[in-house]
Structure formats: structure tokens, C-alpha cells
Amino acid sequence: MTQKTILITGCSSGLGYDAAHGLRARGWRVFASCRQLHDCDRLISEGFEAPLIDYADANSIYNGLAEVLEATGGTLDALYNNGAFACPGAVEDLPRGALREIYETNVFGVHDLTQAVIPVMRNQGHGRIVNCSSVLGLVGMKWRGAYVSTKFALEGLTDVLRIEMSDTPIKVILIEPGPITSKIRENAIPHFEQWIDHENSARAEQYVELRERLYKDSGPDKFELPPSATTKKLIHALESKRPKPRYYVTVPTYLMGALRRILPTRALDWVIQKG
């Protein structure tokens, strides 16, 4: 049997790193991409093929994919769009530049890579595209407006793409993890410091709590699971003959998915605000 191939983005740590190791252990040929060269080099030292792909850089997207296709002879069984980052801050304090930056990575780059992969999968007669969303692609939570809006956008694009691809052999799937152990909070700090003028905000006093949460490691969140919990769902999405359209991973995701369907908006807002 020919070894199946997958390109995974955002493999420097967290979900992508665990997925790369988990799928390789199952016999997949994994192209574990990162946006920084030193992370690619580290993964190469671990035995992976690791193309440089930065969602914010269109050239790196097309060059990285070209590198993968050259290695496989022009085929690719699966794409896992995992890379993303957050920019914490109140919506009223988000400048246009902050939104532009986060959309370049979390939405536009994902879209560019997906568009580039679809013709490959059409030509070979099969393929799976898995997009990593979030519980924050289902409901909004305060201080997370920039990230939430990108995940809502990703959910919409993925839902429509899944419907449009239903007359092709390409399967399009969403994974919605929720609280998973990762470096997303740590990696959000530079974006917060660059874009959010918290000292001059009308919410300056409220930012004290946010900054405490950002800068202090207070241990796992409630219901937090390891990245392997998401990898388990990814494996089903990739290997099941009839994959689900979307996969919830953690308790908050299951809970919010259900409450969004049954509660009026004001009631859901109350539940979210109570945390």
C-alpha cells in the first residue's frame, strides 16, 4: 500500500507538533511545516520533512507546497490547516493593523494554501482538508474578539467549501478543540504588546486581570486536555471512510455547541459571562 501523505502547518509546538508525531507513528508521511526556519531545522533533526510555510507570506505558502509536491511526485492525500495565533484585547481597542495581521495568518493564509491544494486533490481523485477551528469558532468570549472573528470566518469558509466539494471526492472537515495545552497564550504576548494600548484604554483597570492571565503561568485551564486529544480526532477525520463534518474535542466545546443551539442569545451571553 502506498504511504499516505499529509501537510500540517504550525508544527513548532502544541497541536501541530503532536499531530505530526501521532500520524508518523501510524505510518503517514508527514510534512511538518513551521513559519520559522529554526523550528523547521529542529523538526528535520527529528526525522521530519519540514517545509517553511508562513501563512502571512504568500510566497512561502506556494514555495512550501511546491517543495512537498516535488517530494511526493505531485500528490498529497491530506492537508491539516493548524497554524494560528491570538491577539488579546477588548474589541474597542483593536486597531485596523491588528485585525489585518491576524486575518493574514488565521484566514487568508489558510485560504491560499487550501486553494492551492484543491487542484492537486481533484487531479488525483481524492483528498481531505481538515481545518482547525476552536470553541471560539462557535461562541464569542471577552478579550478574544480578534481571534474569535477569525475562527468564525474560518468556520464559514469551511462550511461552504464542504458543501461545494460534496460533488467531488474531496472531504472538508472542521476540528474544534477548546482548551488544549499549547503555547497560544505565550505566543499572543508580542501581539498584545504591539497593538493594544491598554494603559490609555477606558478599560485600563480591567486589563490588570488580563495581563495577569497572559504573563503568569497559573497552570492548566479547567477542562484542559493534552494535544493528543485533538490528534485522536484528527486521525478519525483522516482515516474514517465517512468522516464527520466537524469534531468537538473538549467538554467546553461540546457544551457550547449544545447551548448555542438551544439557548436564546441573552441567555447564552449570561452563561459565557459567568465563565
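These questions and answers walk through a cavity and some helix pairs in a predicted model.

Residues are numbered from 1 along each chain as its sequence is written. In this predicted model, local features need pLDDT of at least 70, side-chain atom pairs count only at pLDDT 80 or more, and totals for chains, interfaces and linings use all residues, while side-chain values use heavy atoms, leaving out hydrogens and water.

Q: How much space lies in the largest cavity?
A: A cavity is a set of points, on a 1 Å grid over the protein atoms alone, where a 1.4 Å probe fits but cannot get out. Points are joined across faces, edges and corners, and a volume is the space filled by probe spheres set on them. The structure holds one cavity of 30 Å³ or more. The space in the largest cavity is about 40 Å³.

Q: Which elements give two or more residues to the lining of the largest cavity?
A: Lining residues have an atom within 4 Å of a point, and here they are Asn 81, Asn 82, Gly 83, Asn 106, Val 110, Cys 132, Lys 151 and Leu 154. Helices are DSSP runs (H or I, at least four residues), numbered from the N terminus. The elements asked for are helix 4 (96-124) and helix 5 (145-164).

Q: Are helix 4 and helix 5 roughly parallel or roughly antiparallel to each other?
A: Axes are lines fitted to C-alpha atoms over the stretch in contact, with angles from 0 to 180 degrees between N-to-C directions. The two axes come within 9 Å and cross at roughly 20 degrees. Angles under 35 degrees count as roughly parallel, over 145 as roughly antiparallel, 65 to 115 as roughly perpendicular and the rest as oblique. Helix 4 and helix 5 are therefore roughly parallel.

Q: How does helix 9 run relative to helix 10, roughly parallel or roughly antiparallel?
A: Helix 9 (residues 251-262) and helix 10 (residues 265-274) have axes 9 Å apart and pack at about 155 degrees. That angle makes helix 9, relative to helix 10, roughly antiparallel.

Q: What is helix 6 relative to helix 7, roughly parallel or oblique?
A: The axes of helix 6 (residues 184-195) and helix 7 (residues 204-215) come within 9 Å and cross at roughly 135 degrees. Helix 6 is therefore, relative to helix 7, oblique.

Technical notes: On a 1 Å grid over the protein atoms alone, a cavity is a set of points where a 1.4 Å probe fits but cannot get out, and a pocket is an open set with protein on both sides within 12 Å along at least five of seven lines; lining residues have an atom within 4 Å of a point.
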